[in-house]
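Please read the following points with the sequence and the 3D view side by side, and check each one as you go.

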Amino acid sequence: MVSIEVTREAVVLHIHGSSKFWSLKSNLTIPLEHIRSVEAVKDLKTKDYLKWDAIKAGTFLPNVIAEGTFYQDENRLYVNIHEGKAGIVLGLRDDKYYEVVVETENAQETANEIQSAIAARK
């Protein structure tokens, strides 16, 4: 599971429990100026974000679990999907990741909080 902290400068993903092991990370910090889009998604599915032939640095079982860094279509993605619950998708620019896809509690609330933080910086 991932908890998300929104600060004045960044979005910090805190990775908990077995997700640390499976995704090979304990946290990920994304500067707000790198975020080009924020979307709350009601039902994340691994098949919607990853292809079977994606190069993996983490764990991937189609329609079951996807955790870690994945390379596909010349893009690097960080994905943390377990149960197909709600989550957020962050589109990034000028970052090592093209996209970050994570399940989280209160996805719409979190997306709104990130969008507000971005707007406050302008």
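1. Two residues are said to be in contact, or to touch, when heavy atoms of theirs lie within 4.5 Å. In this predicted model, Ile114 touches Val6, Val11, Ile35, Val38, Ile88 and Leu90, where residues up to four places away in sequence are not counted.

2. Ile114 is also among the residues with the most contacts inside the largest nonpolar core, together with Leu13, Ile35, Leu90 and Val100, and this core has 23 residues. Several elements give two or more residues to it, including strand E1 (2–6), strand E4 (35–41), strand E8 (87–92) and helix H3 (107–121), and H3 supplies the largest share, with 5 residues.

3. As background, nonpolar side chains in soluble globular proteins tend to be buried together.

4. Strand E6 (residues 65–72) is mostly covered, with 7 of its 8 residues buried, and it pairs with strand E7 (residues 75–81) in the antiparallel sense over 7 bridges. Ala66 has Ile81 of E7 as its bridge partner, while in the hairpin of E6 and E7, which has 2 residues between the strands, Asp73 takes a positive phi near 50 degrees.

5. For the chain as a whole, the secondary structure comes to 3 helices and 9 strands, and buried residues make up 47% of its 122 residues. Among contacts between residues at least 6 apart in sequence, 46% join residues at least 24 apart.

Conventions:
Residues are numbered from 1 along each chain as its sequence is written. This is a predicted model: local features need pLDDT of at least 70, side-chain atom pairs count only at pLDDT 80 or more; totals for chains, interfaces and linings use all residues. Side-chain values use heavy atoms; hydrogens and water are left out. A nonpolar core is a set of buried Ala, Val, Leu, Ile, Met, Phe, Trp, Tyr and Cys residues joined through side-chain atoms within 4.5 Å. Buried means under 20% relative accessible area, exposed over 50%, partly exposed in between (1.4 Å probe, protein chains only). Helices (H or I, at least four residues) and strands (E, at least two) are DSSP runs, numbered from the N terminus. Two strands pair if DSSP finds at least two bridges between them.
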